[in-house]
Amino acid sequence: MNWERIIVLIGKEWLELRRSRGLLLSMLLPPLLLPIFSLGLIFAMGLVSDPDTADIPAAAIDPALADLGLEALAQVIFGRQFATLFLLLPMVIPNVLASYSIVGEKNRRTLEPLLAAPISVGELLLGKVLAAIIPGIALTWLCALLFAVGMVVVVVDPVVPALVLHQGWIVMLLLASPLLALISVSLTVMISSRVNDPRSAQQIAGVLVVPVMLLFFGQILGLFVLNSLVALTFSAGLLLLAAILLWLATRLFQRETILTRWR
Amino acid sequence: MYAIECHRLGRQFDTLVAVADLDLAIPAGAIFGFLGPNGAGKTTTVRMLCALIAPSSGSARVAGYDVQSQAAHVRATVGILTETPGLYDSLTALENLIFFGRLYGLTADRAAERAAHYLRLFELWERRNDPVGGFSKGMRQKLAIARALLHDPTIVFLDEPTAGLDPAAARAVRHVIKTLRADGRTIFLTTHNLAEADELCDLIGVFRTRLISLDTPTNLRARLFGQSARIVLAGPAAPLVPLVQQLPFVSEVVAEERALLVRLTDPERNNPTLVRALVATGADICYLEPFTPSLEAVYLELLHDESAVAA
């Protein structure tokens, strides 16, 4: 691996991104709105006292929530749900970036000169993957940090932040986020070989939200509490999936295949 | 020393044979014109020689490197102008060149220096900081050629380098190609512009899946058309054909409205006899000139012959 070439490629990808204001805005705006929107709703939860909150299955299965007041309980339950939604970001952002990067190169017919350069396909793929993943993860962590800091301000009970931003969530952010980003980009590479429109690649890769939605609904239905063990188990599953998809993407991302088979 | 050598090089896509049994030896420092109709397999050949796709059969060495086992060396040694310029529209001309220069292993300073050299050479220096998206087709083509030359390749593959260029820009590109040859570089030129091939190439290969012919332009002409004379007359030419055909040194006669194209074995010895014979029958000769068929005529004749053989 020649890291200098990979860094040059990443630099070019990010330069193109900076020059594409529409893409940059669509990448930055929705993620930055998520913590603001979530914190606003969590704040609103603290203003109303609804006795039905205690009957939500998610409240019933976690003993740590037993002594909370109704407002704080509502903030914890909804806070945990919103916190789960942050796991969508490392999938959506790299997916958008990778689809524009790879399908875009294909449409503009810039892949052949790139492939003619003395860069290995491994370096090329790694450069493309990192250029898409790094902003995705960085933005996810930045938004999560904003969310965490904002939580301290909007909660009605000082114990709420620790119950929302628990170990399981941190494990998910640190471990699962990069894996979700890798899965998203690998799938985008595979889809890119078959489609000619970045939006098609994004839509097909939309299937990726399913695992995060399983977490979202699993929690609220009281099927499990997202503790460290669940987070590690989930991450292990993602690791396996990421390895399989990356292997498949590498198989498709071959010089000859791109030049002769990609349509 | 050959810059490019192929031995029975072939490529098949499923059942389609794109390139078959290509034997080629191009001397270092030559301009090789690779001519053939659309779909003949020229791009596939160039891709194999640039180590972008693997041959199905045979072997090839480019700059001494085997295209299969030393593909990375081949790619680092050659420069390629692809069919489409393939530039990044949102990047400036300078950024495009520096990016590719860095990919080819140049340092940032060296890449900038080389980029500046070629931007000046192609009269793009004033537009160096403009996004390429706003460039004309000709400007993009010149920039793509600059990109192919940036890392000082010893062998340059140019696919239709003057396509879409205005006459002045095309002339500038041809001048650059001649300069590259003068520097000792080998040029593999794919073109449909036969006048350009005629002007530039030391060696011509006519190709349709297989190599139909490989020779210098002069030899190709001589082989196909021999040595010919064109006799321009004051009156109609057709009635004189039977007389000329009877002359022992004439191998072929073609009549135009007021001219005869006569293929001779030795024009310097045969022309006086030919003129005397025509004058004796009362023909009014305006003038006689050596006839040099265009490369286009040679090319079409070769493809026609090959089609006839295939049929």
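Modeller: A salt bridge needs a side-chain nitrogen of Lys or Arg within 4 Å of a carboxyl oxygen of Asp or Glu. Keep that in mind; this is a predicted model.

Colleague: Why is the pair A:E256 and B:R11 called a salt bridge?

Modeller: The closest N and O atoms of A:E256 and B:R11 are 2.3 Å apart. The cut-off is 4 Å, and the pair joins a Glu to an Arg, so it qualifies. Between chain A and chain B the count is 4 salt bridges. Residue pairs in polar contact number 10, both partners at pLDDT 80 or more.

Colleague: Which elements of chain A supply at least two residues to the side that touches chain B?

Modeller: They are α1 (3-19), α5 (89-108), α6 (111-116) and α13 (255-260) of chain A. α1(A) gives the most, with 8 residues. That side of chain A divides into 11 nonpolar, 2 polar and 12 charged residues.

Colleague: How do you know how much area chain A and chain B bury?

Modeller: Buried area is what the two parts lose on being put together, summed over both. For chain A and chain B that comes to about 2,500 Å². Carbon and sulfur atoms carry 61% of it. The contact takes 25 residues from chain A and 28 from chain B.

Colleague: Back to B:R11. What stands opposite it in β2(B)?

Modeller: B:V19 does. Strand β1 (residues 2-13) of chain B pairs with β2(B) in the antiparallel sense over 8 bridges. Two bridges are enough for strands to count as paired, so β1 and β2 of chain B pass.

Colleague: What makes β2 (16-27) and β5 (65-66) of chain B edge strands?

Modeller: The open sheet has 4 strands in the order β2-β1-β4-β5 (chain B), with antiparallel pairing. β2 and β5 of chain B each have a single partner strand, so one side of each has no neighbour in the sheet.

Colleague: Now the domains. How do you know what domain 1 and domain 2 of chain B bury between them?

Modeller: The assignment gives domain 1 (2-215) and domain 2 (227-310) of chain B. They bury about 880 Å² between them, and carbon and sulfur atoms give 74% of it. On the domain 1 side, B:L194, B:R208 and B:I212 lose the most area, together 55% of what that side buries.

Colleague: How many salt bridges does the rule find across that domain interface?

Modeller: The rule finds 0 between domain 1 and domain 2 of chain B. The side of domain 1 of chain B that touches domain 2 divides into 7 nonpolar, 2 polar and 2 charged residues.

Methods
Residues are numbered from 1 along each chain as its sequence is written. Chains are lettered from A and ligands numbered from 1 in the order in which they are written. This is a predicted model: local features need pLDDT of at least 70, side-chain atom pairs count only at pLDDT 80 or more; totals for chains, interfaces and linings use all residues. Side-chain values use heavy atoms; hydrogens and water are left out. Domain bounds come from an automatic or database domain assignment. Buried area is the accessible area (1.4 Å probe) that two parts lose on being put together, summed over both. Ala, Val, Leu, Ile, Met, Phe, Trp, Tyr, Cys and Pro count as nonpolar, Asp, Glu, Lys and Arg as charged, and the others, Gly among them, as polar. Contact means heavy atoms within 4.5 Å. A polar contact is a pair of N or O atoms within 3.5 Å; within protein, one must be able to donate a hydrogen and the other to accept it, and residues adjacent in sequence count only if both atoms are side-chain atoms.
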